Amino acid sequence: AGCGPCRIEAPVLQETYTETKDAGVHFLGVNIYDGPEQATSFEESYGITYPSLLARGDAALKLAFADYTSLSAVPTTLVLDRQGRVAARFIGAVRDDTSLPTIVKDVLAESS
């Protein structure tokens, strides 16, 4: 929540979530640095409505992501397919409002 790139991508993530949630897409934010006050303020300021977790002091949660991405590169956005495999990974801010929605819709169109 405190990083500039996180703030840059927030509108793109929220818009993509809003456009795809009725199709069964799930979003989950994972905040690894900030506390509850900063995270809540970020969600309110940017109108974030998808769920999120605080992982600042949760080593087990951080380890759960170790096989998929480095948590030192923030923000990182993962798109998982229906089988839970990483279909796409964005390192750094998702800046454009077409890449993420296009990838999400392509993954949705794949047969299960």
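Helices here are DSSP runs marked H or I of at least four residues, strands are E runs of at least two, and both are numbered from the N terminus. The model is predicted, so local features need pLDDT of at least 70 and side-chain atom pairs count only at pLDDT 80 or more, while totals for chains, interfaces and linings use all residues. Residues are numbered from 1 along each chain as its sequence is written, and side-chain values use heavy atoms, with hydrogens and water left out.

Is Gln14 buried or exposed? I note Gln14 as buried because its relative accessibility is 10%; buried means under 20% relative accessible area, exposed over 50%, and partly exposed in between, with a 1.4 Å probe and protein chains only. I then listed its contacts (heavy atoms within 4.5 Å). Leaving aside neighbours within four places in sequence, Gln14 is in contact with Gly47, Ile48, Thr49 and Tyr50.

**Glu9.** Glu9 also lies in helix H1. I put Glu9 down as buried, because its relative accessibility is 5%. Which residues does Glu9 touch, not counting those up to four places away in sequence? I found Pro75, Thr77, Gly92, Ala93 and Val94. I also checked Glu9 against Arg95: the two are 86 residues apart in sequence, and their C-alpha atoms are 5.7 Å apart in space.

**Salt bridge.** I searched for a side-chain nitrogen of Lys or Arg within 4 Å of a carboxyl oxygen of Asp or Glu. By this rule I count 1 salt bridge. The side chains of Arg85 and Asp81 meet in a salt bridge, at 2.7 Å from N to O. Asp81 is buried, with a relative accessible area of 11%.

**Surface patches.** I took patches as residues with over 30% relative accessible area and no salt bridge, joining like charges within 9 Å and nonpolar side chains (Val, Leu, Ile, Met, Phe, Trp, Tyr) within 5 Å. Lys and Arg count as positive, Asp and Glu as negative, and His and the chain ends are not counted. A charge is placed at NZ of Lys, CZ of Arg, CG of Asp or CD of Glu.

I found a surface patch of negative charge made of Glu15, Glu19, Asp96 and Asp97. Glu15 is in helix H1 and is partly exposed, at 39% relative accessible area.

I also noted a nonpolar surface patch of Leu28, Val30 and Leu53, with about 220 Å² of accessible area together, by the Shrake-Rupley method with a 1.4 Å probe, where for residues only the protein chains shown count as cover. Val30 lies in strand E1, residues 29–31, and is partly exposed at 31% relative accessibility.
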